[in-house]
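Please look over the model shown here.

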Amino acid sequence: MLVKILSVVGARPQFVKLAPIHHAARAAGVEHVIVHTGQHYDPLLSDVFFDDLGIGAPDVHLGVGSGSHGVQTGAMLAALDAVFDEHRPDWVLVYGDTNSTVAAALSAVKLHIPVAHLEAGLRSFNRRMPEEHNRVLTDHAADLLLAPTQVAVDHLRREGLGARTVLVGDVMTDVLFDVRDRVTADGEVTALEGVSPGEYYLATIHRAENTDDPERLQQVVDALAGLDRPVVLLAHPRVVAKAAAHGISLDRGSLTSRPPLAYPELIAAVAASAGVVTDSGGLQKEAFLLRVPCTTVRTETEWVETVELGWNVLANTREEIAAAVTRPRPAETDAAPYGDGHAAARVVSVLAEPR
Ligand code: UD1
């Protein structure tokens, strides 16, 4: 084996990014060990991605589960030392900005195992977001920063991290193009129940800033329920739990909720929608890559290219959200700020270079 890579993942978006890396590692004859922290444990947030995206089962599952940030991150840290010691990889590869990312980076650094951060250099500059803490801490701990975009490279340079940075493109583009082509070729994916193609908005809301405060959650739900077309909310367990705790209905007016979708079904549901309303990072890009207008329910975004190109609008109040979803279709563009769909192969070849 040329090199041994150990990936640590734990939350839904990381499983999506893991798939192209796993396939590229295999294709290059590189040994790839997968460690699942157990941050996401619901089958719909976890197992379906491993199945549908051809990843197979993780090699190690820590079963950490939910908890406050400190408890969850600490439980991962405590468990990872032994795993890294046993496998002694050439690289620990961490993904994105979750508690699983920062825990794995910290554990590896302390064991003197080189750490590479995939999706490095994203910044919202909002210090209230747990994801912002996670990504800043991880970037400054890591030995190699794999940046998805030029904007991310520029952020890292400004923080004095340019020498450790490589622009590889965005692996989410790899997996999205692959799945989109598969979904279109097979027609395997059934449409969402109860709505007609082109006539509905697809929504996801899960971030702490929109869900933890009942007043804020009520505002967001009111905005969705008041839109001019049916809104299908793919409800993350976090929003279901918070809504139930505060007596907020997720099924009224234009709004109906249903469980999250597996990745191929999600891509088909985005492609067939009239627009996306979300606070997810990944979905903003998926909508852009499928050229579906997106409305992002946040005060800032890391994916500024989608906004600059007109395919994404930040909106927070009921009025702003209603205006954004009914805006005219943005100008067509062939801009490709998220790469060419071959980022994962580049990541593996950078990791396989002699150090
Ligand atoms: C995490 C990431 C977020 C990412 C999101 C994708 C952090 C700080 N946040 O947020 O960046 O966008 O994943 O989904 O790492 N729960 C379940 N079942 C599960 C997982 C969670 O019921 O399988 C519930 C629990 O009540 C838990 C809550 O959701 O307390 C929050 O889960 P957690 O993993 O802490 O964060 P996410 O909101 O999923």
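What follows treats helix pairs, then cores, then selected residues.

The model is predicted, and side-chain atom pairs count only at pLDDT 80 or more.

**Helix pairs**

| Pair | Crossing angle | Axis separation | Handedness |
|---|---|---|---|
| α1 (residues 12–27) and α15 (residues 343–352) | about 55° | 8 Å | right-handed |
| α11 (residues 263–271) and α12 (residues 281–289) | roughly 55° | within 10 Å | right-handed |
| α4 and α5 (residues 130–141) | roughly 25° | within 9 Å | left-handed |

Take α1 and α15 to begin with. Their axes lie 8 Å apart, at an angle of about 55°. That angle makes α1 oblique to α15. On the α1 side, the contact uses Pro-20, Ile-21, Ala-24 and Ala-25. Facing them from α15 are Ala-344, Ala-345, Val-347 and Val-348. By class, this contact of α1 with α15 has eight nonpolar residues, with no polar and no charged ones.

Next come α11 and α12. Their axes come within 10 Å and cross at roughly 55°. The angle makes α11 oblique to α12. Helix α11 supplies Tyr-263, Leu-266, Ile-267 and Val-270 to the contact. Helix α12 supplies Leu-283, Glu-286 and Ala-287. The count by class for α11 with α12 is six nonpolar, no polar and one charged. Glu counts as charged, so Glu-286 is the charged residue among those in the contact.

The pair α4 and α5 crosses at roughly 25°. Angles under 35 degrees count as roughly parallel, so α4 is roughly parallel to α5. The crossing of these two helices is left-handed. From α4, the residues in contact are Asn-99, Thr-101, Val-102, Ala-105 and Val-109. From α5, they are Asn-134, Leu-137, Thr-138 and Ala-141. The residues of this contact of α4 with α5 divide into five nonpolar, four polar and no charged.

**Nonpolar cores**

How many residues has the largest nonpolar core? It has 90 residues. Those with the most contacts inside this core are Val-35, Leu-80, Phe-84, Leu-93, Leu-146, Leu-202 and Tyr-263. The largest share of the core comes from α1, with seven residues.

Leaving aside neighbours within four places in sequence, Leu-80 is in contact with Val-8, Val-35, Leu-62, Ala-103, Ala-104 and Ser-107. One of these partners, Val-35, is also listed among the residues with the most contacts in the largest core.

**Selected residues**

Is Ser-107 buried or exposed? Ser-107 is buried, with a relative accessible area of 1%. The residue is found in helix α4 (residues 99–110). Beyond its neighbours within four places in sequence, Ser-107 is in contact with Leu-77, Leu-80, Asp-81 and Phe-84.

Thr-165 is found in strand β7 (residues 165–167). The residue is buried, because its relative accessible area of 14% falls under the 20% cut-off. Thr-165 and Pro-58 are 107 residues apart in sequence. Their C-alpha atoms are 28 Å apart in space.

Glu-86 has its place in helix α3 (residues 69–87). Its relative accessible area is 63%, so Glu-86 is exposed. Glu-86 and Leu-2 are 84 residues apart along the chain, and their C-alpha atoms are separated by 19 Å.

Two loop residues have positive phi values. Phi of Arg-88 is near 40°, a positive value in a residue other than glycine. Arg-88 is found in the loop between α3 and β4 (91–95). At 43% relative accessibility, Arg-88 counts as partly exposed. Phi of His-112 is near 60°, again positive in a residue other than glycine. His-112 lies in the loop between α4 and β5 (115–118). With 71% relative accessibility, His-112 counts as exposed.

Definitions and conventions
Residues numbered from 1 in each chain as written. Predicted model: local features only at pLDDT ≥ 70, side-chain atom pairs only at ≥ 80, totals over all residues. Heavy atoms only, no water. Axes fitted to C-alpha atoms, helices over the stretch in contact; angles between N-to-C directions. Helix = DSSP H or I, 4+ residues; strand = E, 2+ residues; numbered from the N terminus. Parallel < 35°, antiparallel > 145°, perpendicular 65-115°, else oblique. Left-handed = near helix turned anticlockwise from the far one by under 90°. Contact = heavy atoms within 4.5 Å. Core = buried A, V, L, I, M, F, W, Y, C linked by side-chain atoms within 4.5 Å. Buried < 20%, exposed > 50% of the residue type's maximum accessible area, 1.4 Å probe, protein only.
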